[in-house]
Amino acid sequence: MEKFYPVFISSTKVDLEDIRLDLEHMLMRTKFFPIGMENFNASDRDVWNVITSKLDKASFVVLILGDRYGDFDKITQKSYTQREYEYAIKHNIPVLCFIKNDENQNSICDVDKTKLKKLNNFKEKVMKSGRLIQLWNDNTKKTLTFSILAALENALTDMIRNGTSPKGLIYDDSIYSYILPKETKMNFYNVFAVVKGTKEECEKGTGVVTYI
């Protein structure tokens, strides 16, 4: 049986959409696979509930900070990206951080002084967190996805070596399907699936799910 690991990609969209797409396509060809939230049509509260449900099922979180902070709500005064990062830290989800550090920020950067200040404060907070951090800029942008994959591989290897392998999905070659471990729930992914197993087996994570 082979195990696959969900990776939650946390970043702003406008300035990092190309990186997100490249990373998603790359991860789909590996033992990791991407999960993330795009284009919601719901209230802020509903969106956050969906985001946290995905974060709870992630083996790793990849945080990518670029030139924008993103919109922030009036209650928390924080962007979704920052809230995702803080939620992952609070719930002990491994986070790999990739921060853009470019003295000559391009034209896509936040011109709003409030957002720019929040972005710089957020970057400083992450830099001081003591977690795995890698800096990147426009010159290294083309190789960033390869660096992220390498970092995921190294993090996974270290965790397995230390006996703390993260939760994931197990793939059984004999029946060509995924078996959900106990750490996950049946609504793991918003896709069509064929489920084999009793209600009790599914609730225990022993039901067999084939995604179609």
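In this predicted model, H1 passes H5 in a right-handed crossing, where a crossing is called right-handed if the near helix is turned clockwise from the far one by less than a right angle, and left-handed if anticlockwise. The contact (heavy atoms within 4.5 Å) is made by Ile 19, Asp 22, Leu 23, Met 26 and Leu 27 of H1 with Leu 144, Thr 145, Phe 146, Ile 148, Leu 149 and Leu 152 of H5. Helix H1 (residues 17–27) and helix H5 (residues 144–161) pack with their axes 9 Å apart and at an angle of about 45°, the axes being lines fitted to C-alpha atoms over the stretch in contact and the angles running from 0 to 180 degrees between N-to-C directions. H1 and H5 are therefore oblique to each other, given that angles under 35 degrees count as roughly parallel, over 145 as roughly antiparallel, 65 to 115 as roughly perpendicular and the rest as oblique.

The protein has six helices and nine strands, taken as DSSP runs (helices H or I, at least four residues; strands E, at least two) and numbered from the N terminus. Residues are numbered from 1 along each chain as its sequence is written. Local features need pLDDT of at least 70 and side-chain atom pairs count only at pLDDT 80 or more, while totals for chains, interfaces and linings use all residues, and side-chain values use heavy atoms, with hydrogens and water left out.

Seven aromatic pairs are found in the whole structure, a pair being rings of Phe, Tyr and Trp (its six-membered ring) with centres within 6.5 Å, stacked if the planes are under 30 degrees apart, edge-to-face if over 60 and tilted otherwise. The rings of Trp 48 and Tyr 80 have centres 6.4 Å apart and planes at 25°, so this pair is stacked. Because Trp 48 lies in helix H2 (residues 44–55) and Tyr 80 in helix H3 (residues 80–90), the pair ties together parts that are 32 residues apart in sequence. Trp 48 counts as buried at 16% relative accessibility, whereas Tyr 80, at 27%, is partly exposed (buried is under 20% relative accessible area, exposed over 50%, partly exposed in between, with a 1.4 Å probe and protein chains only).

Two charges sit over rings (NZ of Lys or CZ of Arg within 6 Å of the ring centre and within 35 degrees of the ring normal):

| Charged residue | Ring | Distance to ring centre |
|---|---|---|
| Arg 83 | Trp 48 | 4.1 Å |
| Lys 118 | Phe 72 | 4.8 Å |

Phe 72 also belongs to an aromatic cluster with Tyr 69, Tyr 85 and Phe 122. Eight of the eleven residues of H3 are buried, so this helix is largely enclosed by the rest of the structure; among the buried ones are Arg 83 and Tyr 85.
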